[in-house]
Amino acid sequence: MRRLLMHSPIVVATLWILAYLLLTLLPLLVLLLHPAPSGRGFWIEFSVALGFIGLAMMALQFVLTARVNRIEASYGIDILIQFHRYTSLVAFAIVLAHPAILFVVQPDTLELLNFPQAPWRARMAILGTLAFLAMVVTTIWRKQLKIPYEPWRAVHTILAVLAVGLAFGHAIGVGNYLGLFWKAVLWSGIILASLWLIIYVRLVKPWLMTKKPYVVEAVVPQQGDVWTLALRPLGHDGFTFEPGQFAWLTLNITPLSMREHPFSMSSSGDRADRIEFGIKAIGDFTSRIKDVKPGTKAYLDGPYGVFTIDRYEDSAGFVLIAGGVGITPIHSILLTASQRHDDRPFLLIYAVPSWDDATYKDELEALTQTLDLEIVYVLRKAHDDWEGETGYVDRTLLAKYIPHHRGSRHYFVCAAPVMMKAVERALFDLEVPVTNVHMEHFDLA
Amino acid sequence: MRYSIMLQIVAGTTLILVGFAALFAWLQNRVEPVDRKNSDVSSRVVGVACRRYSLALG
């Protein structure tokens, strides 16, 4: 799979999309095995088909967000989360279209909206749709509504279970098709699989994590308001990882509380006995990192992510582009490459507000002694005697430094969303193959 | 760029899903009259058989 991904990511993407389509359409395909019901007309059947597709899409959202390693390993959690966001909106539109068509074709069905008088199957549909609506609104406008991440995540899960459960209850209540044997078998399988994923993600996995605790060994201040949090495995071997990957960190509370946060590892991927994270104090949780005492218990779920050079053994070299704390996974990549005596050329373009904000500056300078590494600092506010680059990482600056043979390198970008978008556009304009550009998003919420 | 590619993929898959829903609805309505015709034919066959049987008895 890895070699296939390296040489033909489009093939892998196509296979996953076909699998997604097949799973979504399977309930309808199974229906075709049964004789068609008495003539209800095209639009009623179309509405029913949309209802089943919407329900299948809703159930599949649990798979997309369950951190299934095999799926995640192909494209990374950030891509899956984005796919989850887009397909959820499509599912919501399809779920709304399902009754809307009925209301137009059979206006008497509008009476089903009369909640006190409506039968239970209609009430479940209304409640399920409202749960789905609440999910969409609180996710799209979470920041504007000032909903903190942790309560939002808990409510999101509850609403998701409610929406799918009520939608399934509605489908059983209507019972037009679910009385059919293979249909009942299939939907029972889908619902059981979704339930298992919820139980696994929310209970089994956190319980397994409690068996492998870590302890905080040190909290070290770095430049740029970044703190290195060093963890040591307690009573187990820890894990090695592909440099550039990240893990979900739970600190000082049980993992069952589901209050975890994703952070990139900054240490060597080959050292399981000491795992370090570079954490910038920008939010409620991250601002408290500096106060964490050595000896505090921690739990890790990981490693995750595909932002790693390990997947591109055949690449002639790498261009690494970091903005601010985005240097964290890139530091891990460079440190591990140095320890592995990697002889390929590395170009690091590192954008920071000022020279004093350049995190891991000394460590990076030390790495130039052991690696074929060129570092280009780009300062937004440079001091008077600064002779290096200033401003932003734009097309002109990139054209000056990246190799003429664009496709001979793989490009790794980790920065704030605005910079990532600008750099991605600039690389595209400079004819860097889109399959050679890899990005790590901070914001998974 | 990656997200815009993904957006196109999601738009494509949505079209396929909605298209299949339409195909499904069309198939269900297309198959149904054939079944009715079959059942009409079989009932006519049964009717003919019954008449022959009654004629034979009569």
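Here are some questions and answers about a predicted model of one protein chain.

Me: What percentage of the residues in chain A is buried?
Reply: To count as buried, a residue needs a relative accessible area under 20%. Chain A has 445 residues, and the buried share of them is 53%.

Me: Among contacts in chain A between residues at least 6 apart in sequence, what share joins residues at least 24 apart?
Reply: Start with the contacts in chain A whose residues are at least 6 apart in sequence. Then keep those whose residues are at least 24 apart, and you are left with 74%.

Me: Are α7(A) and α8(A) roughly parallel or roughly antiparallel?
Reply: Two packed helices are described by the angle between their axes and the distance between the axes. Helix α7 (residues 149-174) of chain A packs against helix α8 (residues 181-210) of chain A at about 165°, with 12 Å between the axes. Angles over 145 degrees count as roughly antiparallel, so α7(A) and α8(A) are roughly antiparallel.

Me: How do the residues of the contact of α7(A) with α8(A) divide into nonpolar, polar and charged?
Reply: On the α7(A) side you'll find A:R153, A:T157, A:V161, A:V164 and A:F168, and they meet A:W187, A:I191, A:I198 and A:R202 of α8(A). Sorted by type, those contact residues come out as six nonpolar, one polar and two charged.

Me: Which are the edge strands of the open sheet with parallel pairing?
Reply: Strands of a sheet pair through backbone hydrogen bonds, either parallel or antiparallel. This sheet of chain A has six strands in the order β10-β9-β8-β7-β11-β12, with parallel pairing. An edge strand pairs on one side only, and here the edge strands are β10 (389-390) and β12 (437-440).

Me: Which helix packs on that sheet?
Reply: Look for a helix touching β7 (318-323), β8 (346-352), β9 and β11 (410-414) of chain A. Its direction makes about 155° with that of β8(A), and the helix is α10 (residues 327-339).

Me: In β10(A), what is the bridge partner of A:V378?
Reply: Strand β9 (residues 373-379) of chain A runs parallel to β10(A), and two bridges join them. Follow the bridge from A:V378 across to β10(A), and you land on A:E389.

Me: What about the open sheet with antiparallel pairing: how much does it twist, on average, from one strand to the next?
Reply: This one also has six strands, in the order β4-β3-β6-β1-β2-β5 of chain A. Its edge strands are β4 (261-264) and β5 (275-280). Going from one strand to the next, the twist averages 40°.

Me: In β6(A), which residue is the bridge partner of A:L249?
Reply: Strand β3 (residues 246-251) and strand β6 (residues 297-304) of chain A pair in the antiparallel sense over five bridges. The bridge partner of A:L249 in β6(A) is A:L300.

Me: Which residues does a cis peptide bond join?
Reply: Stay with strand β6 of chain A, where A:P303 is found. Omega is about 0° at this cis bond, and the pair it joins is A:G302 and A:P303.

Me: Is A:G224 buried or exposed?
Reply: You'll find A:G224 in the loop between β1 (214-222) and β2 (226-233) of chain A. Beyond its neighbours within four places in sequence, A:G224 touches A:K280, A:D356, A:D357 and A:T359. Its relative accessibility is 11%, and the cut-off is under 20%, so A:G224 is buried.

Me: What is the phi of A:D225?
Reply: A:D225 also has its place in the loop between β1 and β2 of chain A. At 45% relative accessibility, A:D225 is partly exposed. A:D225 is not a glycine, yet its phi is positive, at about 60°.

Me: Is A:N252 buried or exposed?
Reply: A:N252 sits in the loop between β3 and β4 of chain A, and it has a positive phi of about 70° although it is not a glycine. Its relative accessible area is 57%, and the cut-off is over 50%, so A:N252 is exposed.

Notes:
Residues are numbered from 1 along each chain as its sequence is written. Chains are lettered from A and ligands numbered from 1 in the order in which they are written. This is a predicted model: local features need pLDDT of at least 70, side-chain atom pairs count only at pLDDT 80 or more; totals for chains, interfaces and linings use all residues. Side-chain values use heavy atoms; hydrogens and water are left out. Axes are lines fitted to C-alpha atoms, for helices over the stretch in contact, and angles run from 0 to 180 degrees between N-to-C directions. Helices (H or I, at least four residues) and strands (E, at least two) are DSSP runs, numbered from the N terminus. Angles under 35 degrees count as roughly parallel, over 145 as roughly antiparallel, 65 to 115 as roughly perpendicular and the rest as oblique. Contact means heavy atoms within 4.5 Å. Ala, Val, Leu, Ile, Met, Phe, Trp, Tyr, Cys and Pro count as nonpolar, Asp, Glu, Lys and Arg as charged, and the others, Gly among them, as polar. Two strands pair if DSSP finds at least two bridges between them. Buried means under 20% relative accessible area, exposed over 50%, partly exposed in between (1.4 Å probe, protein chains only).
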